[in-house]
Amino acid sequence: MDNLIDKLKTLKNKSQDEYREVIQKHSHKQVLKELKEAGLYKDDVSQEEFDKLVQEKIKENTSFAKGAMVAGGALLFLELLG
Amino acid sequence: MAQISILDALKKRYKLWTIHLERSTDAIKNNILQTGSGKDMQERLVSFGMASLVVYIGSSIIGLFGVYAGGFLGGLVLFAIGWSLSKLFNKRFFGDERKQSDLKEDEVELLNYLDSLVSTHQNIRSAVNSEPSLIFFTDYPNLRKAFVGAKHMLENYNTKHLAYKHRMKHFVIAKKYASEIYTFDAIYANKKGGNRA
């Protein structure tokens, strides 16, 4: 998670979509790691199930990142609100 | 051959299910520890909104008595009062992050129990992955019983330990956790039910 925060902090004056893209990529990687740890490949799960796993992770990461960034004084991250 | 393929599919469903179990357990743990509380944007907005409201209402009431209340200093004092009140409200409603050492005995017991269940299933998963010919579906009654125990503990958990927001959230995530038990049943019984087929 710290890795994600560090990545987000390096983004300055970026658009909301660019923040979202970083979070999405990070979440995608985390889900692939979870599957690997469970002894599964991406093809072992349906696309629907994979998307659901990624969406859950994005929601969790976005919520965490908002808190961490605001606490760290990165007010530009307010853009992500909503 | 058909049986091997069914078992293979069941093992994949089981492994996928372990990911959901880990996530559900983490959600319960984070909620009990009130992770993220005190940093949330919602809380800051509530503080700001409440402080602004106190300035508005306060200056209106003072104005009713014919006293000039539009000064910068007066506004600042009212804002500070509103901000302090909002902090008290936020503490009750959103709470603060809790440390492991601050948890009550029943909470430590609950979290340890949930962790032990995750470890049990991670061990089964490792065994399934490392020894493909072995099927570890024989401990079902004990594993089922362990989940019933977890469900019971979650239902009886004293949510008064938590701030209001986390009390409400507990019911939602405990329900989600319980749904993972039905999925587990469905996998072991090779039924199509549960959260995921």
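Which residues make up the largest nonpolar core? The legends below take up this question first and then turn to other parts of the predicted model.

**View 1. The largest nonpolar core draws on chains A and B.** The core has 12 residues in all: A:Val31, A:Leu35, A:Ala38, A:Leu40, A:Val45, A:Leu53, B:Tyr14, B:Leu16, B:Trp17, B:Leu21, B:Phe184 and B:Ile187. Two or more residues come from each of helix H2 (16-37) of chain A, helix H1 (2-32) of chain B and helix H6 (164-188) of chain B. H1(B) gives the most, with four residues. Apart from this core lies another, of nine residues, including B:Ala27, B:Ile32, B:Ala150 and B:Ile173. A nonpolar core is a set of buried Ala, Val, Leu, Ile, Met, Phe, Trp, Tyr and Cys residues joined through C-beta atoms within 7 Å. A residue is buried if 20 or more other C-beta atoms lie within 10 Å of its own, exposed if 12 or fewer, and partly exposed in between, with C-beta atoms placed from the backbone. Helices (H or I, at least four residues) and strands (E, at least two) are DSSP runs, numbered from the N terminus.

**View 2. Helix H2 of chain A has buried and exposed residues.** With 22 residues, H2(A) reaches 32 Å from its first C-alpha to its last, close to the 32 Å expected at 1.5 Å a residue; the expected span is 1.5 Å times one less than the number of residues. A:Tyr19, A:Ile23, A:Ser27, A:Val31 and A:Leu35 are buried in H2(A). Seen down the axis of H2(A), its buried residues fall within an arc of 135°, so they line one face of the helix; the arc is that of the directions from the helix axis to the C-beta atoms. On the other side of H2(A), A:Glu18, A:Lys25, A:Lys33 and A:Lys36 are exposed. A:Gly39, whose phi is positive, near 80°, follows H2(A).

**View 3. Chain B is assigned domain 1 and domain 2.** Domain 1 comprises 2-35 + 100-188, and domain 2 comprises 41-93; these bounds come from an automatic or database domain assignment. The C-alpha centres of the domains lie 45 Å apart. Among the elements of chain B, helix H2 (residues 41-64) has the lowest mean pLDDT (77) and helix H4 (residues 105-130) the highest (93). The pLDDT is the predictor's confidence in each residue, from 0 to 100.

**Note on the model.** Residues are numbered from 1 along each chain as its sequence is written, and chains are lettered from A and ligands numbered from 1 in the order in which they are written. In this predicted model, local features need pLDDT of at least 70 and side-chain atom pairs count only at pLDDT 80 or more, while totals for chains, interfaces and linings use all residues.
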